[in-house]
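Take a moment to look over the sequence and the model below. We'll walk through it piece by piece.

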Protein chains: 2
Amino acid sequence: MKIASAAVAALLFATTMNAAAQHKPEAVIHYRQSAMTLIGWNFGTLSAMVKGKLTWDAKEFALRSERIAQLAPQIQEGFAKGSDKGAETDAKADIWANPEDFQNKIADLVNASKALADVAKSSDEAKDKEEFKKLAGACKSCHDKYKAD
Amino acid sequence: MKIASAAVAALLFATTMNAAAQHKPEAVIHYRQSAMTLIGWNFGTLSAMVKGKLTWDAKEFALRSERIAQLAPQIQEGFAKGSDKGAETDAKADIWANPEDFQNKIADLVNASKALADVAKSSDEAKDKEEFKKLAGACKSCHDKYKAD
């Protein structure tokens with residue numbers, strides 16, 4: 001089931017308001033960079049398998065897809081209002097100037113990661129690769145627009 | 001159900017061998033620090049609620065407990081052999097000198113976080129606090145022995 005972007009955004013905001021109040025901008029930035037590191041760590045293994053640089057391992061592929069699906073919803077609160085500065089960051093100020101568009105991109109990531117994790121449970125290499133490409137596309141679409149080189 | 005330490009350790013090793021080969025020590029260290037940051041981020045909110053510094057919010061408590069339960073099994077591969085040095089780290093070399101004891105502590109953390117996440121689904125504040133203390137104990141027990149001040 002595909003979750004509507006607005007619903008995801010509402011959910012994410014609702015679950016992070018309580019905590020958001022207590023974090024300084026530099027802590028938020030550090031948090032989001034850490035979340036991205038964990039996503040990238042798992043994504044790197046998936047990518048290496050898809051490219052044939054690592055032996056295909058369906059169980060490992062499923063595990064790391066599941067981890068990305070768990071991590072994806074966690075990045076939202078890493079972009080809390082006011083965290084555009086406070087520490088070195090690759091996040092462009094455009095994120096906070098276009099909150100709705102950014103929310104949509106986060107929702108796309110959450111949906112793509114969930115779709116991949118679901119497909120990966122069945123150990124179908126061709127389908128895994130197809131969904132992985134969609135996930136990679138969701139990452140790229142947001143990075144191209146909102147991440148400094 | 002409590003998972004036996006050895007079983008957890010075996011599982012964790014089994015699922016991380018493929019990926020471990022491709023990471024440099026500094027990347028492993030960065031990964032484990034990122035995982036700890038995410039756990040600490042969520043733990044901080046739980047702790048603030050338990051101490052009454054944040055308004056008690058059972059839904060938020062359950063969400064962050066669940067996230068810690070998802071993250072806890074992810075720290076294991078952050079302590080891969082050879083990652084005792086390569087970047088600044090608070091991890092003591094004793095970790096790699098006492099692999100079995102360290103595995104047991106990781107397993108304790110995984111079990112305590114899972115127990116908390118399970119209890120937190122029922123929104124029973126007293127039980128939540130009780131399980132939270134056990135989780136905090138699992139963190140402390142390992143940090144006291146294996147984390148530099």
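Just past the end of α2(A), Gly52(A) adopts a positive phi of about 80 degrees. Helices here are DSSP runs of H or I with at least four residues, and strands are runs of E with at least two, numbered from the N terminus. A word on the ground rules: this is a predicted model, where local features need pLDDT of at least 70 and side-chain atom pairs count only at pLDDT 80 or more, while totals for chains, interfaces and linings use all residues. Residues are numbered from 1 along each chain as its sequence is written, chains are lettered from A in the order in which they are written, and side-chain values use heavy atoms, with hydrogens and water left out.

Back to helix α2 of chain A, then. It covers residues 25–50, has 26 residues and spans 37 Å from its first C-alpha to its last. That is close to the 38 Å expected at 1.5 Å a residue, the expected span being 1.5 Å times one less than the number of residues.

Now for how the helices pack. Two packed helices are described by the angle between their axes and the distance between the axes. In chain A, α5 (residues 99–120) and α6 (residues 125–146) pack at about 165 degrees with axes 9 Å apart. So α5(A) is roughly antiparallel to α6(A), a label for angles over 145 degrees. Axes are lines fitted to C-alpha atoms over the stretch in contact, and angles run from 0 to 180 degrees between N-to-C directions.

Over in chain B, α2 (residues 25–50) packs against α6 (residues 125–146) at about 130 degrees, with axes 11 Å apart.

How do the two chains relate? Chain A can be laid on chain B with an RMSD of 0.0 Å by a turn of 180 degrees and a shift of 0.0 Å along the axis, superposing by least squares the C-alpha atoms of residues with pLDDT of at least 70 in both. That is the relation of a two-fold axis. The C-alpha of chain A nearest the axis belongs to Ser34(A), 2.2 Å from it. Since 97% of the interface residues of chain A are also interface residues in chain B, the copies meet through the same surface.

Conventions: Contact = heavy atoms within 4.5 Å. Parallel < 35°, antiparallel > 145°, perpendicular 65-115°, else oblique.
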